[in-house]
Amino acid sequence: VDVLSQVADTRVSAHPNAGLPNAFGEYDETPEEMAAVLREFAEAGLLNLVGGCCGTTPAHIAAIAAAVADISPRQPPVMEEAPA
């Protein structure tokens, strides 16, 4: 995400799983753990959009939304055009 945010001249999103699936195919990462990681990404200016994928629940999405609510979205860099 860090490298992508440095080179992408468009918005960057992250929609991680709630951890890796365990032996029962369930996802063990808590809403608070997941929100903390995405908050770090947002504070570092890496993201425009956040969400969740496999294993996320409404509680995960609510925690993520609360964690990034006070952080401004990333400003995509202005890329210079290559000479023709």
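With which residue does arginine 39 form a salt bridge whose closest N and O atoms are 2.8 Å apart? In this predicted model, the partner of arginine 39 at that separation is aspartate 70. The pair links distant parts of the chain, since arginine 39 belongs to helix H2 whereas aspartate 70 lies in the segment after H3, 31 residues apart. Aspartate 70 is exposed, with a relative accessible area of 59%, while arginine 39 is partly exposed, at 25%.

A search of the whole structure finds 2 salt bridges. Arginine 39 also forms a salt bridge with glutamate 43, for which the closest N and O atoms are 3.1 Å apart; both of these residues lie in helix H2, where a spacing of 4 residues places them about one turn of the helix apart. Through shared partners, the salt bridges join Arg39, Glu43 and Asp70 into one network.

Arginine 39 also takes part in the packing of two helices, as set out below. Helix H2, spanning residues 31-43, packs against helix H3, spanning residues 58-68, at an angle of about 35 degrees and with the axes 8 Å apart, and the crossing of H2 and H3 is right-handed. On the H2 side the contact is made by Pro31, Met34, Ala35, Leu38, Arg39 and Ala42, and on the H3 side by Ala59, His60, Ala63, Ile64, Ala67 and Val68. By residue class, the contact of H2 with H3 comprises 10 nonpolar residues, 1 polar residue and 1 charged residue.

Definitions and conventions:
Residues numbered from 1 in each chain as written. Predicted model: local features only at pLDDT ≥ 70, side-chain atom pairs only at ≥ 80, totals over all residues. Heavy atoms only, no water. Axes fitted to C-alpha atoms, helices over the stretch in contact; angles between N-to-C directions. Left-handed = near helix turned anticlockwise from the far one by under 90°. Contact = heavy atoms within 4.5 Å. Nonpolar A, V, L, I, M, F, W, Y, C, P; charged D, E, K, R; others polar. Salt bridge = Lys/Arg side-chain N within 4 Å of Asp/Glu carboxyl O. Buried < 20%, exposed > 50% of the residue type's maximum accessible area, 1.4 Å probe, protein only.
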